[in-house]
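Trainee: I have this one open for the first time. Can you walk me through it?
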Amino acid sequence: MIDLTLDTIHLARGGRSVLNGVSASFRAGRLTALIGPNGAGKSSLLAVAAGLLAPDSGEVWLGREPLAAIGRKALARRRAYLPQSPRADWPISVERVVALGLTAHLPAFGDLPAHLHEAIEQALADHDLLALRDRPATGLSGGELARAMLARATVADPELLIVDEPTAGLDPRHAIDAALRLRARADAGRTVVMAIHDLDLAMRVADDVVALRDGTMVAAGPLVEVMTGPMLERLFDVRARIVRDDEGASIRLA
Ligand SMILES: Nc1ncnc2c1ncn2[C@@H]1O[C@H](COP(=O)(O)OP(=O)(O)OP(=O)(O)O)[C@@H](O)[C@H]1O
């Protein structure tokens with residue numbers, strides 16, 4: 001069980017400051033929803049948190065280790081990252097796409113060990129991909145490809161899972177299933193961080209919230225404390241109200 005901590009992260013892109021001294025903690029065993037308007041810096045923050053973008057200043061810690069000091073292969077074994085709007089570049093099968101998520105775990109020679117075959121089967125089944133396993137990834141619909149990429153990101157069961165809009169493009173059934181599976185990974189002790197625009201889904205599955213606007217953290221903490229109408233109004237410039245009934249809570253925006 002390992003926490004991910006961002007300490008005073010500054011980042012400029014294209015000559016503009018996009019993260020202005022963001023400090024945030026993503027805790028093990030918890031699912032954190034990263035929310036905020038378009039251009040707030042969510043994807044930039046996740047890329048820094050994944051060790052894929054070096055901040056101009058500030059530090060990222062995985063437990064007590066600076067992320068920058070962890071070797072590439074070791075990091076690839078410990079964290080997975082799902083980019084926003086992933087693309088399929090080659091016509092390889094869906095099963096191979098999912099198997100790519102195990103690259104850092106492969107033995108250098110010989111057959112794939114049985115437990116890795118099982119992990120692939122499980123990921124295909126979990127993401128409703130069994131019927132698509134032999135289809136070329138370049139021939140999938142947007143939502144089908146999104147499911148295949150999420151299966152790739154989760155197949156190795158990484159201790160740190162960073163996903164950028166994992167439910168974008170998914171139909172309601174698959175979006176709920178995907179969100180619940182991320183919830184289950186957090187319950188199993190993993191550190192799970194997701195950027196998400198579907199606030200109702202975030203309310204349903206997340207433990208913690210980090211809210212970002214203009215590269216600055218606006219709010220952070222347990223969802224039940226942080227996800228309030230006034231906070232959402234400040235964050236998104238909309239009228240927002242949390243409605244609670246027997247089935248849980250949902251958000252009315254106006
Ligand atoms: N490759 C890039 N080069 C230059 N500027 C970039 C680049 N990527 C993002 N930016 C800028 O950084 C800022 C933050 O973008 P980012 O993608 O992190 O926002 P976001 O919160 O994920 O937005 P969205 O909800 O639209 O996905 C934006 O102003 C964006 O224009």
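Predicted model: local features only at pLDDT ≥ 70, side-chain atom pairs only at ≥ 80, totals over all residues.

Trainee: How many helices and strands does the chain have?
Mentor: There are 9 helices and 12 strands. Both are DSSP runs numbered from the N terminus, with helices being H or I of at least four residues and strands E of at least two.

Trainee: And what box do the C-alpha atoms fill?
Mentor: Roughly 55 × 45 × 35 Å, along the principal axes. The radius of gyration is 18 Å, which agrees with the value near 18 Å for a compact globule of 254 residues. That radius is taken over C-alpha atoms, and the globule rule is 2.2 Å times the number of residues to the power 0.38.

Trainee: Next, the ligand. Which residues are around the ligand?
Mentor: R13, G14, V18, G36, N38, G39, A40, G41, K42, S43, S44 and Q84. A residue counts as near if its C-beta atom, placed from the backbone, lies within 6 Å of the molecule.

Trainee: Which helix gives the most to that shell?
Mentor: Helix α1, residues 42–49, with 3 residues.

Trainee: Now the core. Which residues touch the most other members of the largest nonpolar core?
Mentor: L34, A49 and V98, out of 70 residues. Helix α5 (residues 142–154) supplies the largest share, 7 residues. A nonpolar core is a set of buried Ala, Val, Leu, Ile, Met, Phe, Trp, Tyr and Cys residues joined through C-beta atoms within 7 Å. Buried means 20 or more other C-beta atoms within 10 Å of a residue's own, exposed means 12 or fewer, and partly exposed is in between, with C-beta atoms placed from the backbone.

Trainee: Last topic: what is the phi of D128?
Mentor: Near 55°, a positive value in a residue other than glycine. Most residues other than glycine have a negative phi. D128 sits in the loop between α4 (114–126) and α5.

Trainee: Is D128 buried, exposed or partly exposed, and why?
Mentor: D128 counts as partly exposed because it has 15 C-beta neighbours inside 10 Å.

Trainee: And where is D237?
Mentor: In the loop between α9 (229–236) and β11 (240–245). D237 also has a positive phi, about 55°. It has 10 C-beta neighbours inside 10 Å, so D237 counts as exposed.

Conventions:
Residues numbered from 1 in each chain as written.
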